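Work through the exercises below with the sequence and the 3D structure open. Each task is followed by a solution in steps.

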Amino acid sequence: MIVEASAPSNIALIKYMGKIEGTGNRPANASISYSLEHLRTWVTLEPLSGAADEWAPLERAGLAAPELSAVGREKFLKHFARMKEALGVSGFFRIRSANNFPSDCGLASSASSFAALTLAAAQLQPGRLDVSELSRLSRQGSGSSCRSLFTPWALWEGEGAESVEIPTGTLLHAAVIVSAGVKEVSSSQAHERVTTSPRFEGRVARAHERLRRLISALKESDWRVAFDTCWDEFVDMHELFETSQPAFGYRRADSKAVVDAAKHIWSFKGDGPLVTMDAGPNVHLLFRPDQRELAEKMVKFHREKHKVITSWGGWT
Ligand code: DP6
């Protein structure tokens with residue numbers, strides 16, 4: 001019997017950055033994310049008559065196998081072992097996985113991969129664990145994946161994520177790919193490094209205050225306050241990177257040009273997209289459903305120089 005599951009990626013607006021050591025990815029602070037339903041991973045599991053679990057690419061039209069490093073593969077297999085133990089499943093399996101976006105496009109697939117693996121494993125013992133238990137387990141594989149089990153908005157405060165009711169409707173997402181290259185410092189390493197920044201002091205309180213402000217702004221449709229809060233948050237995270245010891249950074253001149261273009265729109269229209277950046281050089285823009293025209297204009301502009309992936313029109 002072959003089981004299959006898929007899960008979306010997600011973009012955090014208040015970031016998970018910094019963990020409590022030795023707790024299996026318990027975060028230093030709470031985070032909130034929006035699911036990216038158009039950026040997904042599929043995982044299949046088939047029983048194997050071997051002595052160990054194996055990973056292989058899932059070959060299917062329209063999907064691309066992730067390029068898993070040895071460390072990445074190890075982390076994935078370890079998570080599957082954790083899932084089997086929690087579910088009381090014995091035997092070995094071939095895990096196949098693939099994304100509907102290329103692995104070399106500069107968008108991380110760890111959240112969608114680990115969430116899809118968690119959901120696929122759960123199907124080996126249907127109904128055994130509920131979604132909050134699955135979220136807690138997924139977190140131990142890769143922290144941000146615990147939010148991918150709840151859509152569209154997920155709030156993660158400690159052990160696992162939960163759904164949060166926010167009346168924004170379906171947002172339009174565009175990722176401007178400033179660079180698709182491999183990062184020198186992975187997000188897992190970034191979690192450790194940020195604690196060496198003098199700015200880490202007060203970080204948890206700042207993140208919590210912004211989380212409170214963002215949720216109430218989104219609930220009250222105060223898009224301006226939502227924009228300012230998301231902006232302060234990604235800048236805070238990148239400044240932590242840039243002031244760590246040793247310092248590192250992901251922001252490039254082109255990242256700055258893209259975020260500044262969004263700020264410029266805000267300054268003359270009094271409106272615009274939410275802007276955020278993850279632990280990488282690429283820029284994520286989120287538009288309300290009624291901002292479709294603006295979204296298309298901005299994407300057209302950025303496509304003169306960069307690849308842009310959108311939730312409404314794919315790649316060009
Ligand atoms: C910057 O979930 O990739 O994307 O738990 O070590 O696997 P591990 O880290 P990961 O960290 C993601 C960090 C982030 C912000 C976020 O998604 O909240």
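This is a predicted model: local features need pLDDT of at least 70, side-chain atom pairs count only at pLDDT 80 or more; totals for chains, interfaces and linings use all residues.

**Exercise 1. Pro-152 and its surroundings**

Task: Which residues does Pro-152 touch, not counting residues up to four places away in sequence?

Solution. 
- Step 1. Pro-152 has contacts with Ser-33, Tyr-34 and Ser-35 once residues up to four places away in sequence are set aside.
- Step 2. Pro-152 belongs to the loop between α3 and β7 (153–156).
- Step 3. The peptide bond that links Thr-151 to Pro-152 is cis, and its omega is near 0°.
- Step 4. Pro-152 has a relative accessible area of 36%, so it is classed as partly exposed.
- Step 5. From C-alpha to C-alpha, Pro-152 is 8.1 Å from Thr-170 in space, while the two are 18 residues apart in sequence.

A cis bond also leads from Gln-245 to Pro-246, with omega near -5°. Pro-246 sits in the loop between α6 and α7.

**Exercise 2. A buried arginine**

Task: Is Arg-139 buried or exposed, and which backbone oxygens lie close to polar atoms of its side chain, at 3.0 Å and at 2.6 Å?

Solution. 
- Step 1. Locate Arg-139 in helix α3 (residues 131–141).
- Step 2. The relative accessible area of Arg-139 is 3%; buried means under 20%, so Arg-139 is buried.
- Step 3. A polar atom of the Arg-139 side chain lies 3.0 Å from the backbone oxygen of Thr-23.
- Step 4. For the backbone oxygen of Glu-159, the distance to a polar atom of the Arg-139 side chain is 2.6 Å.
- Step 5. Leaving aside neighbours within four places in sequence, the residues in contact with Arg-139 include Thr-23, Asn-25, Cys-146, Trp-156 and Glu-159.

**Exercise 3. The nonpolar cores**

Task: Which residues touch the most other members of the largest nonpolar core?

Solution. 
- Step 1. The largest nonpolar core has 53 residues, and Ile-32, Trp-153, Val-275 and Leu-285 touch the most other members.
- Step 2. Helix α6 (residues 223–242) supplies the largest share of this core, 7 residues.
- Step 3. Return to Trp-153: beyond four places in sequence, its contacts include Leu-13, Ile-32, Val-164, Ile-166, Leu-171 and Leu-218.

As background, nonpolar side chains tend to be buried together in soluble globular proteins.

**Exercise 4. Strands and helices**

Task: In what order do the strands of the open sheet of 4 strands lie?

Solution. 
- Step 1. The order is β10-β11-β9-β12, with antiparallel pairing.
- Step 2. β10 (274–276) and β12 (307–310) are the edge strands, each pairing on one side only.
- Step 3. From one strand to the next, the twist averages 20°.
- Step 4. Strand β9 (residues 172–177) and strand β11 (residues 283–287) are joined by 5 bridges, and Val-176 is opposite Val-283 in β11.
- Step 5. Helix α6 packs on the sheet with contacts to β10 and β11, and its direction makes about 10° with that of β10.
- Step 6. Helix α7 (residues 253–269) lies across β9, β10 and β11, at about 20° to β11.

Elsewhere, strand β1 (residues 3–14) has 10 of its 12 residues buried. It runs antiparallel to strand β4 (residues 31–48), with 11 bridges between them, and Val-3 is opposite Leu-45 in β4.

**Exercise 5. Around the ligand**

Task: Which of the 18 residues around the ligand come nearest?

Solution. 
- Step 1. Tyr-16, Ser-142, Gly-143, Ser-144 and Ser-188 come nearest.
- Step 2. A polar side-chain atom of Ser-188 is 2.7 Å from a ligand oxygen atom.
- Step 3. For Ser-187, a side-chain N or O atom is 2.9 Å from an oxygen atom of the ligand.
- Step 4. For Asp-278, the distance from a polar side-chain atom to an oxygen atom of the ligand is 3.2 Å.

Technical notes. Residues are numbered from 1 along each chain as its sequence is written. Side-chain values use heavy atoms; hydrogens and water are left out. A nonpolar core is a set of buried Ala, Val, Leu, Ile, Met, Phe, Trp, Tyr and Cys residues joined through side-chain atoms within 4.5 Å. Buried means under 20% relative accessible area, exposed over 50%, partly exposed in between (1.4 Å probe, protein chains only). Helices (H or I, at least four residues) and strands (E, at least two) are DSSP runs, numbered from the N terminus. Contact means heavy atoms within 4.5 Å. A polar contact is a pair of N or O atoms within 3.5 Å; within protein, one must be able to donate a hydrogen and the other to accept it, and residues adjacent in sequence count only if both atoms are side-chain atoms. Two strands pair if DSSP finds at least two bridges between them. Axes are lines fitted to C-alpha atoms, for helices over the stretch in contact, and angles run from 0 to 180 degrees between N-to-C directions. A residue is near a molecule or strand if one of its heavy atoms lies within 4 Å of it.
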